[in-house]
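Here are a few exercises on how parts of a protein model meet.

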Amino acid sequence: MTIAQPHAGWVGRSIRRVEDPTLIAGAGRFTADLPATYRVRFVRSERAAGRISKIHVPDGATAITATDLAGVKPIRPMLHKFDYVPIGQPILARDHVRFVGEPIAAVVAPSDAEAEDIAEAIEVAMEDQAAVIDARTALAAEAPRVHAEVAGNLIVKGAVETPGFADARARADSIVRLELRSRRQNAMPLEPRGGHAAFDAGSGRVTLTCSTQMPHLTRTAITDLLGMPESDLRVVAPDVGGGFGQKMSLATEYVLLVWLARKLRSSVAWHEDRRENLIAAFHSRDQFIEIEGAFDSNGKLLALAADVIANVGAYSCFPTTCAVEPLMAMAELPGPYDVRAYRCAARGVLTNTCPMAPYRGVSRPVITFALERLMDRAALEFGLEPSEIRRRNLIETFPYVSATGLTFDEASYRQTLEMAVAALDLPAFRARQQQARARGRYLGIGFSAFSERTGYGTPAFAARGMEIIPGFETIDLSMGPSGLVEARIGASPHGQGLRTTLAQIIADEIGVPPDRIRVIHGDTDRTPYGFGTFASRSAVIAGGASLLAARKVRSKLIKIASLLLEAAPDDIVLDGGAAKVAGTDRSIAIEALARAAYHQVHRFKGEIEPGIAASATYDPAGTFANACHVAIVEVDPETGQVRIENFIAAEDAGRLINPMIVDGQIQGGIAQGIGNALLEEIVYDQTGNILTTTLADFLPPTAHEIPPIELHHLETVSDASVTRAKGVGEGGAIGAPAAVINAINDALAPFGAEINEIPATPRRIRAAIHAARKPAEQRA
Amino acid sequence: MKPARFEYHAPTSVDEAVQLLGSLAAEDGRILAGGQSLVPTMAFRLAKPGHLIDINAIATLGQIGSKDGALEIGACVRHAAFHRPVVAGPLGQLMSTVVRHIAHYPIRQRGTFCGSLAHADPASEWCLVAVTLGAQMIALSTRGARTIAAEDYFTGIMTTALAEDELLSQVRIPLLAPDTRFGFREFSRRAGDYAIAMALVTFRLDGGTIVEPRVGIGGAEANPRRIPEAEAALVGKPAELTTFRAAAEIAAEVVEPMEDMQADAIYRRDLVRAMTRRALEQAAQ
């Protein structure tokens, strides 16, 4: 393993984010800041399953229903593998409703208040139909079908078994089995979804401004559905108040806004409120996992088996399809461990609930929870420290080709584990834990070691068989006559600080400071086609493209400088805003090179093209970041309340371009992971009515619930990324739930109680203690 | 969600407010004080009052002070007023302890003590204080003023003995004897969340034995109430862990817990037991 060396340039420095002054001063521009002639309110289904018999609209009111949308195609995401059954989602419910919150009608009025009044007055007559809410129930032969064409509600089914699996399993000394449950969650970005569509009578074009993570794909999707030329639609993602995946799937509402703007030849806006977001924006992480590990007598994992059931809700999300959760689980469940024998079945199951979409970590928070619980349970059976069983199983040689065929590039699974163990002083903790138990206080420690697949391009997505294969990113980089640099990117950052990060990469190549580089994103008219920002990809892929384009600009600048300074190109150094001839005092400002490139082209005598511009595309295979998280908790056995005392993450995302931004990503992800582990849960009743419709019921963590987070970094250099940076957007969220739940279980050990469900609410923890009924309780 | 249409009134005197309420009560006229419960409810259109009578401009309703052995709290006194003790002695200390559990700092700047009592959420800390300490509610209407004792005031989840045309103009809480000890413990999912269960206890010690115990439980049943069976288990007993455990066990047994997403009956009883014992231990310290 090679560790990155300190670097003299901009990369590696925690410079302040160029994004922040605007946001802090309240000068950010969000979708809801735009004025609109009409406001839209959606009438949503209050039934989980039913047949619409009549929609009564009050006289004089404007409300669009499915009958108005005859020419509009349903959203029909496609996957060409894994027995995927394609299903359509109408923009407004046509005949049937399939989940509480499904849009039935769109009310158009001059103000939000009027639209709300009309929406309330609209009566939807409906025949109730049988609904199915739970994924395992939905798989039963007699279960109602959510879509007539999907037998057994089984929309996608993956299976893998490595050759020799049964033999490997048979050699085991010990088999450890667990059943785990991850309850449903909502990514809950601070800014809910919202869109504004404005028709321009002069050009006939519509501009859709919306809170999205992927403007280019949003444009492709909507123009396909409406049957309009792609160039007639401009999609703008202005400042976006968080996405976490919820905003990378196409919202039916945006399609309707564009349709309405064209029909009314005007501007229309819809802004989701929190209730609507909790009910009808996408959900995730609703999974059952059965996991089995076959270990030899030394605690070495010989064979791993799992059965994954993912509740994908009533429709399939675009572009990834609803297969994203079960298939990600199947491909990546073995995690950072060296295990050659693997068997997995993963099913995506339709139910009458809000559709599933990717959410930060996509399945990996759940599979990491499952696998890390398995490791801790095995450690308990072998009488090993949790750190020791991991030590015996983590991958240590690279490249490593996994049982599912993934290539793990150079990483530091073992080293980050040791780093975390050293940081927390494990023996001292165990002593403190013993003393605390004697006083009736229950501390626990939980480890979570994991890999985070990041920055993967088209080859990885193609393996899933998706109709739409995201992956590459392109940058158009140019330097104008005044020497200012513009970087136009297809990625679409929404809080990640990517403008700062890319500017640092470019600055080092072309010798100008980051504040002379403007990164332009989130506008299909102004940026090259790209897939947006999700899947921990932008720093790696857009960053890689930036580096490649900046190298081209650099070589052009050197060429011009060499001509103007009459020196050999190899002797030219770009630094501090100037081109210098090495070993001399001769130099020329980069601004002067830029001027020359546009205004004194005659001096080039045809040897150099005018202007300074270069494009580059990067489409890597992907790179695995890694980390080891450790949570130390105290459980109050009388109430089931959990207090996280400390949280440590030893993390390796390769070269850190801006360490402060990386820390922010990890801290934010860990905070979300803690929310997932302890608090957040979307609850439906048995009829499919959703009960968690306000922030009094769905509980994200507040600053009170987030402990101090201690971060340690390793910077392993991997050839898998041209910048040597690995992605880091999801790791915090992936690792934290497992660490917290393992720590709770460690604290509960004296009671013989075990909990394998997230969120581990106080009620569930208390119920686990009741179920165990060990004598320790009386001591509490 | 946006509120339904309503008419807004801003009287400047108590008389004017009472007159308005008298004439508008039939059209679902409602008093607006801090608005921290009513306004969100309106935003969800769970409440659609035809008229809002905003009493914030009535200066006399913002008064707080002690008179005739009681603390008098006007209708517009904010939660934040209790951040520091409002009277000398244990009552002021008790209220400044409890107030820290009410929602969050910004909400406490706006929400009112009397508003909490009029709203009568089962998880309201102030409702628990009122019923445990024997508060009196002063209700004004065009028919005159009447006093409602705490034990007669709460009639169910978010329902009270107040008539639709009555303004809760003041709440009176008897001052506590200087040697009164108190303990308060609350369980909620996150800091500032609604209580799933809470216990407020007071007692005095006479030569090491417990005198005049009060045990109030909130958040567990439709209304907060005193638990006489638990109080009986404390009277004349030494202030020690065994006594407290016994009383807490009784409280957990006699409550009839609500069941909701956060807690089933078994879990709520667990919490009542733990909160009661811990509140008693705190009072004894």
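A polar contact here is a pair of N or O atoms within 3.5 Å; within protein, one atom must be able to donate a hydrogen and the other to accept it, and residues adjacent in sequence count only if both atoms are side-chain atoms. Keep in mind that this is a predicted model.

**Exercise 1. Describe the contact between domain 2 and domain 3 of chain B.**

Step 1: locate the parts. The domain assignment of chain B places domain 1 at 7-54, domain 2 at 59-174 and domain 3 at 181-284. Taken over C-alpha atoms, the centres of domains 2 and 3 of chain B are 21 Å apart. Domain 2 of chain B brings 24 residues to the contact, and domain 3 of chain B brings 23.

Step 2: look at the area. Together the two domains of chain B bury about 1,900 Å², with 71% of it on carbon and sulfur atoms. On the domain 2 side, B:P122, B:L128 and B:T132 lose the most area to domain 3, together 30% of what that side buries.

Step 3: assign the domain 2 side to elements. Those giving two or more residues are α3 (90-98), α6 (125-132) and β8 (154-156) of chain B. The largest share, six residues, comes from α6(B). By type, this side of domain 2 divides into 13 nonpolar, nine polar and two charged residues.

**Exercise 2. Now do likewise for chain B and chain A.**

Step 1: start with contacts and area. Contact joins 25 residues of chain B to 31 residues of chain A. The two chains bury about 2,500 Å² between them, 51% of it on carbon and sulfur atoms. In chain B, the residues that lose the most area to chain A are B:R189, B:R190 and B:M261, together 30% of what that side buries.

Step 2: turn to charges. The rule finds seven salt bridges across the interface of chains B and A. One pairing to display is B:R278 with A:E638, a salt bridge whose closest N and O atoms are 2.6 Å apart.

Step 3: finish with polar pairs and composition. Chains B and A have 14 residue pairs in polar contact, both residues at pLDDT 80 or more. Helix α10 (residues 265-284) of chain B supplies the largest share of the chain B side, nine residues. That side holds eleven nonpolar, two polar and twelve charged residues.

Note on methods
Residues are numbered from 1 along each chain as its sequence is written. Chains are lettered from A and ligands numbered from 1 in the order in which they are written. This is a predicted model: local features need pLDDT of at least 70, side-chain atom pairs count only at pLDDT 80 or more; totals for chains, interfaces and linings use all residues. Side-chain values use heavy atoms; hydrogens and water are left out. Contact means heavy atoms within 4.5 Å. Buried area is the accessible area (1.4 Å probe) that two parts lose on being put together, summed over both. A salt bridge is a side-chain nitrogen of Lys or Arg within 4 Å of a carboxyl oxygen of Asp or Glu. Helices (H or I, at least four residues) and strands (E, at least two) are DSSP runs, numbered from the N terminus. Ala, Val, Leu, Ile, Met, Phe, Trp, Tyr, Cys and Pro count as nonpolar, Asp, Glu, Lys and Arg as charged, and the others, Gly among them, as polar. Domain bounds come from an automatic or database domain assignment.
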